[in-house]
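Reader: I would like a close look at one part of this model, the aromatic residues. Please take me through them step by step.

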Amino acid sequence: MSDAHYHATENPMKTGILGRCPQCQQGHLFNGFLKLAPSCEVCGLDYSFADPADGPAFFAMTIVAVPAMLFALWLQTTYEVSIWLHLITTLPLTLLGSLILLRPLKGWLVCSQYFHKAEEGKLIRKGDL
């Protein structure tokens, strides 16, 4: 299919968080919770260019870690709870917070790769110039 009829996203954050195709903003990025679809069902854009790797997991854990740690510190200093209470409160809070952020962050990174035309890095040797 031709991409001439579609206007690429101007806001990769919004498009990615919604899980939409960066080319037409109508098709879906995902087949499942985190699995990227092979291509857009509307415009046919091949998603093989996308490789967010561990970026979404890193950002999700980083974003969730500070509030979870502050909660754990507050809980410990205020009530002096035992470790098992941290395991049933802080641990699920951290895991759920990270899981909730994974899909929107992955969509955002994939749409950003398309928007900025990101490619695999290449080394240029001095003789190639």
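Author: Start with Phe59, which is partly exposed because its relative accessibility is 39%, a value that falls between the 20% limit for buried and the 50% limit for exposed. Bear in mind that the model is predicted. Phe59 is part of helix H2. Setting aside its neighbours within four places in sequence, Phe59 has contacts with Leu105 and Leu109. In sequence, Phe59 and Leu109 are 50 residues apart, while their C-alpha atoms are 11 Å apart in space.

Now to the rings. A pair of aromatic rings is described by two things, the distance of the centres and the angle of the planes. Searching the whole structure gives four aromatic pairs. In one of them, Phe58 and Phe59, the ring centres are 5.4 Å apart and the planes meet at 70°, so this pair is edge-to-face; the cut-off for that label is an angle over 60 degrees.

Phe71 and Trp74 also pair, with 6.0 Å from centre to centre and 35° between the planes, and this arrangement is tilted. Both residues sit in helix H2, which covers residues 55-79, and because they are three residues apart there, about one helical turn separates them. Phe71 is partly exposed, as its relative accessibility is 27%. Trp74 is partly exposed too, with a relative accessible area of 44%. Together with Tyr79, Phe71 and Trp74 make up one aromatic cluster.

Technical notes: Residues numbered from 1 in each chain as written. Predicted model: local features only at pLDDT ≥ 70, side-chain atom pairs only at ≥ 80, totals over all residues. Heavy atoms only, no water. Phe/Tyr/Trp six-rings, centres within 6.5 Å; stacked < 30°, edge-to-face > 60°. Buried < 20%, exposed > 50% of the residue type's maximum accessible area, 1.4 Å probe, protein only. Helix = DSSP H or I, 4+ residues; strand = E, 2+ residues; numbered from the N terminus. Contact = heavy atoms within 4.5 Å.
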